[in-house]
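Morning, everyone. Please look at the screen while I talk about side chains that pair up.

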Amino acid sequence: MPPSTNPICNRTGATEQQKATILARIRGSAGVKTVAYESKAQALAKFRAKFKGNPGLLASTPPEAIPDSYRVRRQTSADPSKIAKAIHAFPGVDQVVITEPHDHHKILVASPRP
């Protein structure tokens, strides 16, 4: 796996305390409507279901490449890029991905890097 692009992660995984802090800070962020946690196992199951027609991708993606995450839904009037920028700065957050057209955010929790 490539190292994290977020310098805050420092190539280490998020601790349980960081994960709890991330969740609390996301819930308290302006413009956030809902937050749902997705475990690595849940994310891996969704990944496998989504790409079941692509056996090459499934075979080349190790389970540890799929991180646990938080799925965030914004309030209608909130600017998704501002939410993403604020959340990306939290220690333990590896990436924030905005998925259009619904402006959901998927917050990838930092995983240990080799």
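I will take the salt bridges, then the aromatic pairs.

A word on the source. This is a predicted model, where local features need pLDDT of at least 70, side-chain atom pairs count only at pLDDT 80 or more, and totals for chains, interfaces and linings use all residues. Residues are numbered from 1 along each chain as its sequence is written, and side-chain values use heavy atoms, with hydrogens and water left out.

Salt bridges, then. Side chains of opposite charge can pair when their charged atoms come close. The cut-off here: a side-chain nitrogen of Lys or Arg within 4 Å of a carboxyl oxygen of Asp or Glu. How many salt bridges does the structure hold? It holds 4.

Start with Asp68 and Lys19. Their side chains meet in a salt bridge, 3.0 Å from N to O. This pair links distant parts of the chain, 49 residues apart. Lys19 sits in helix α1, residues 16–27. Asp68 sits in the loop between α3 (55–60) and β2 (69–74). Helices (H or I, at least four residues) and strands (E, at least two) are DSSP runs, numbered from the N terminus.

Are these two buried or exposed? Buried means under 20% relative accessible area, exposed means over 50%, and partly exposed is in between, using a 1.4 Å probe and protein chains only. Asp68 has 2% relative accessibility, so it counts as buried. Lys19 has 14%, so it is buried too. Glu16, Lys19 and Asp68 are linked in a network of salt bridges.

Next, Glu38. Which residues does Glu38 bridge to? One is Lys46, with the closest N and O atoms 2.8 Å apart. Another is Arg71, at 3.3 Å between the closest N and O atoms. Glu38 lies in strand β1 (residues 32–38) and Arg71 in strand β2, so this pair links distant parts of the chain, 33 residues apart. Glu38 is buried, at 4%. Lys46 is partly exposed at 48%, and Arg71 is partly exposed at 31%.

Last topic: aromatic rings. Rings of Phe, Tyr and Trp (its six-membered ring) pair if their centres lie within 6.5 Å; planes under 30 degrees apart count as stacked, over 60 as edge-to-face, and the rest as tilted. The structure holds 2 aromatic pairs. One of them is Phe47 with Phe51. The centres are 5.0 Å apart, and the planes make an angle of 50°, a tilted pair. Phe47 is buried at 16%, whereas Phe51 is partly exposed at 27%.
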